[in-house]
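Dear colleague,

I am handing over the structure below, and my notes on what was found in it follow directly after.

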Amino acid sequence: MNKNMSREITKGDIFGIIDYLHDGLDNYIDNPVGRPYDDDEIINIKEWVQRCCVWLNQQIKEMP
């Protein structure tokens, strides 16, 4: 196993995931593969990202 793979997840790692979700969402909406997304799809995607970020922030609060 790679030495770096065995380290514990840090708050910085989780903040990075949150940033990645937000940046990825913007890119996903701005550069759709195949077809543009309608407003309902964009709202659903944004709500999913928001739920993920809320959960990730809760995980950060629970970390030592």
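Asp30 counts as exposed because its relative accessibility is 59%, where exposed means over 50% relative accessible area, buried under 20% and partly exposed in between (1.4 Å probe, protein chains only). Asp30 lies in helix H1, which covers residues 11-30, helices being DSSP runs of H or I with at least four residues, numbered from the N terminus. Together with Asp19, Asp23 and Asp26, Asp30 forms a negative surface patch, for which residues need over 30% relative accessible area and no salt bridge, like charges being joined within 9 Å.

Please bear in mind that this is a predicted model, in which local features need pLDDT of at least 70 and side-chain atom pairs count only at pLDDT 80 or more, while totals for chains, interfaces and linings use all residues. Residues are numbered from 1 along each chain as its sequence is written, and side-chain values use heavy atoms, with hydrogens and water left out.

The salt bridge count is 1, the rule being a side-chain nitrogen of Lys or Arg within 4 Å of a carboxyl oxygen of Asp or Glu. Asp13 pairs with Arg7 in a salt bridge whose closest N and O atoms are 3.4 Å apart, and Asp13 is partly exposed, at 26% relative accessible area.

The largest nonpolar core has 12 residues, among them Ile14, Tyr37, Cys53 and Ile60; such a core is a set of buried Ala, Val, Leu, Ile, Met, Phe, Trp, Tyr and Cys residues joined through side-chain atoms within 4.5 Å. H1 and helix H2 (39-62) are the elements that give two or more residues to this core, with the largest share, 6 residues, coming from H2.

Best regards

Note on methods. Patch = residues over 30% accessible without salt bridge, like charges linked within 9 Å, V, L, I, M, F, W, Y side chains within 5 Å. Areas by Shrake-Rupley, 256 points an atom, 1.4 Å probe, with all protein chains shown as cover. Lys, Arg positive; Asp, Glu negative; His and termini not counted. Charge placed at Lys NZ, Arg CZ, Asp CG, Glu CD.
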